[in-house]
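Welcome! Let's go through some questions about how the parts of this protein are described, checking each label against its rule.

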Amino acid sequence: MNAAKRLEIFRRLHEDNPEPKTELAYSTPFELLIAVILSAQATDVGVNKATARLFPVANTPQAIHALGVEGLSEYIKTIGLYNSKARNVIETCRLLVELHGGEVPQSREALEALPGVGRKTANVVLNTAFRQLAMAVDTHIFRVSNRTGIAPGKTVLEVEKKLLKFVPKEYLLDAHHWLILHGRYVCQARKPRCGSCRIEDLCEYKLKTSDD
Ligand code: SF4
């Protein structure tokens, strides 16, 4: 795909949704970090339901750590893998207090050293909470990048690097959200809704389908 096409794709995505946001509910970097840890293999809606109960009671590393694994599990047991997630969150909270003064660190290295935090989670936090140029590639972004030709790659890391290189600079900070939302609601896994896709004329996918 050439640069002019990429530019037009993001111009349109921006036009349709000038201030894209994550669908995870959060009000601080710490809440976002916890929500993203909980969201692995779970839906944002499911995570939001759990954090809507949890955060009013505990939304600091100290407060969540004080709940303990069992106490935290009570709030998140509707989410898949809640047992291991509870252990990771409690240990992450302990490390945030002991090593980072109760704050979420703003470096990839420090974030990825926290239990339950991999490259993708670190990228989401760096990009969404701290507005750094980082690109979290999830299943939706991976699919959209490959189908459209914006940033084709065989691995998540390859797609991440290509997106950082090829997405026009002025759109890079928000590209993560636009691509996720496009993958979730339009360029869906089983049957992409090409008939109502805003970038259909620019997309290079060979197997476009109608909406019916
Ligand atoms: S045209 Fe189809 S395949 Fe291409 S981005 Fe749109 S929905 Fe996805």
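Q: What separates the centres of domain 1 and domain 2?
A: A distance of 26 Å, taken over C-alpha atoms, separates the two centres. The domains come from an automatic or database domain assignment, which gives domain 1 as 3-20 + 135-196 and domain 2 as 29-129. This is a predicted model, in which local features need pLDDT of at least 70 and side-chain atom pairs count only at pLDDT 80 or more, while totals for chains, interfaces and linings use all residues. Residues are numbered from 1 along each chain as its sequence is written, and side-chain values use heavy atoms, with hydrogens and water left out.

Q: How do you know that domain 1 and domain 2 are in contact?
A: Contact means heavy atoms within 4.5 Å, and ten residues of domain 1 are in contact with eight residues of domain 2.

Q: How much area do domain 1 and domain 2 bury between them?
A: They bury about 690 Å², with 44% of it on carbon and sulfur atoms. Buried area is the accessible area (1.4 Å probe) that two parts lose on being put together, summed over both.

Q: Why is the meeting of D44 and R184 called a salt bridge?
A: The rule asks for a side-chain nitrogen of Lys or Arg within 4 Å of a carboxyl oxygen of Asp or Glu. The side chains of D44 and R184 come to 3.1 Å, N to O, so the pair meets the definition. Across the interface of domain 1 and domain 2, the rule finds two salt bridges.

Q: Why is the pair of F10 and Y171 called stacked?
A: Rings of Phe, Tyr and Trp (its six-membered ring) pair if their centres lie within 6.5 Å, and planes under 30 degrees apart count as stacked, over 60 as edge-to-face and the rest as tilted. The ring centres of F10 and Y171 are 6.3 Å apart with planes at 20°, so the pair is stacked.
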